[in-house]
Amino acid sequence: MTARRPAAPADPQALLAFALRHMRVSNFPGSVQHTETGSYVLDQRTISDHNLIYVTRGAALWVVDGIDHRLDTGALVIVPPGVPHSGRSLTRIMTLASIHVLADLPGGQDLFALLAPPRLRRVAPGSRLDVLFRSAAEEYARGFAEASTMMAHWAPLVLKELLRHDAAAGALAVRGADPVVTAILEWLERHLAEAVALPELAALAGYTPQHLNRRFTREIGMTPLTCLAGMRMERAVTLLREGRLSVQAVGSRVGCADPAYFSRLFRKHFGRSPSEYQRLSGSDSPS
């Protein structure tokens, strides 16, 4: 085995920064619930996504996995997928906003599992998180059809600010924060356009390829090369959407100089070719 380098101290902030740059957020229909008679009731249910519940006026009781949570104005609770929960208003006048999200990193690692935000927190009035969540709620108030489109914009903003909020409060329990994995992730981000082989990464880390693969898989649920492939495709999507480069040039920017190989990888990842994606994004005349 290659001699190990001394481990640097774990750096949760570096892993959080990486996650904020590369997170992919899917949002689903949410709602704004309002009562002036104290009659709001949500029967027990389970859902397949993460539900962010934020009380903007009055108070509510949310029962999550059998545990009671009193939500006064400014309280925000996260209900995980598959967890039974129910709710009801506690005050005559009550308003709450609900956003449903899934979030992962390139390669499929669940962001909530990786960063482990707390279930409940208090949000200061007038803070950036408060303003963003209230702004998102206003989109729902305009009507379902328009809100569904706009939430594709608001949901990532709200989730990123939620993670920053929890990190600033020291409330994130970043799973592992393996310094070797964090260092390799940062190195990969700087070398997306270059040919990268597992033995090279292992030499950088001071481990055998097998050990590095195991360490990555334990930390973020995928091997370094799987993560690299996802990072490259996410970068390719951004470049194609900007429309300033040809498909071939985009492939070169993400380490895929062979157009046919780039097209195969892109189609496998997104279900359509780079040219099709670029055309559907309205950028069919790149330089």
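Let's start at a helix end: D258 caps the N-terminal end of α10, with a side-chain oxygen 3.0 Å from the backbone nitrogen of A260. Helices here are DSSP runs of H or I with at least four residues, and strands are E runs of at least two, numbered from the N terminus.

This is a predicted model, where local features need pLDDT of at least 70 and side-chain atom pairs count only at pLDDT 80 or more. Residues are numbered from 1 along each chain as its sequence is written.

Helix α10 covers residues 259–270, and its 12 residues should span 16 Å at 1.5 Å a residue; the end C-alpha atoms are 16 Å apart, in agreement. That expected span is 1.5 Å times one less than the number of residues. After α10 comes G271, with a positive phi near 80 degrees.

Next, the sheet. Four strands make an open, antiparallel sheet in the order β2-β7-β4-β5. Its edge strands, β2 (41–45) and β5 (67–72), each pair on one side only. On average, neighbouring strands are turned by 15 degrees against each other, direction ignored. Strand β4 (residues 59–64) pairs with β5 in the antiparallel sense over 6 bridges, where pairing requires at least two DSSP bridges. V63 stands opposite D68 in β5.

Finally, the cysteines. The structure holds 0 disulfides, a disulfide being a pair of cysteine sulfur atoms within 2.5 Å.

| Residue | Relative accessible area | Class |
|---|---|---|
| C227 | 2% | buried |
| C256 | 2% | buried |

How values were computed: Heavy atoms only, no water. Buried < 20%, exposed > 50% of the residue type's maximum accessible area, 1.4 Å probe, protein only. Polar contact = N/O pair within 3.5 Å; in protein donor to acceptor, adjacent residues only side chain to side chain. Axes fitted to C-alpha atoms, helices over the stretch in contact; angles between N-to-C directions.
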